[in-house]
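Trainee: May we go through the terms applied to this structure and the grounds for each?

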Amino acid sequence: MRVYIPTTLAGLAEAYKAGEVGPLPLDAFAVTPSLREWYLSDDIEELEYAALNRAAQASLRLLAVHPEVARRRTVIAVDVADADVRFDPDRSLDPSALGEVRLSKRVPLSDAAAVHLDSDDAESDVAAAAGALGAADAGDDDAQFTVDGAEDHELLWYATQEIPNLIG
């Protein structure tokens, strides 16, 4: 199963140094039954793109609580055994939990399929979005517009061999 682990650029650097993504348990996003039902598609690429976007939103939340790290949403895509993924069906109707899963085993970074990362030119919009997240959660429409501005930027795809250049 392909899972998308939200992190930050600093988190990616830590994972590279440690050789694994952690600590456990790891929250991630994947194509879950609730995501399939919400998205109403059988196209696995579209569903995986939706899971990736959910992970990017979670990465933005990490940036909001870590103001010291680079303002670039970062997601690690990994293929893991289905048995290593936990999905809570009781939260399936909660819109904030769509695609949410938890990994029960450590994930070697060597198992990563790719890294998805904002481009340099997205940093100002991502920084503004991270700063506005609290107000958006409280219902401020202007703040939500700012948060949505980060989603106007597509995450770029990088091969795992490029990680040293990304974190360097």
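Predicted model: local features only at pLDDT ≥ 70, side-chain atom pairs only at ≥ 80, totals over all residues.

Mentor: Residues are numbered from 1 along each chain as its sequence is written, and side-chain values use heavy atoms, without hydrogens and water.

Trainee: Why is the pair of tryptophan 38 and tyrosine 39 called tilted?

Mentor: Rings of Phe, Tyr and Trp (its six-membered ring) pair if their centres lie within 6.5 Å; planes under 30 degrees apart are stacked, over 60 edge-to-face, and the rest tilted. Here the centres are 5.8 Å apart and the planes stand at 50 degrees, so the pair is tilted.

Trainee: What makes tyrosine 39 partly exposed?

Mentor: Buried means under 20% relative accessible area, exposed over 50%, and partly exposed in between (1.4 Å probe, protein chains only). Tyrosine 39 has 32%, and is therefore partly exposed.

Trainee: Why is strand E8 described as largely enclosed?

Mentor: In E8 (residues 112–117), 5 of the 6 residues are buried, so the rest of the structure largely encloses this strand.

Trainee: How do you know that E8 pairs with strand E4?

Mentor: Pairing requires that DSSP find at least two bridges between two strands. E4 (residues 74–79) and E8 have 5 bridges and are antiparallel, with isoleucine 76 opposite valine 115. E8 also has 3 bridges to the antiparallel strand E9 (residues 156–158), where leucine 156 faces leucine 117.

Key
Helix = DSSP H or I, 4+ residues; strand = E, 2+ residues; numbered from the N terminus.
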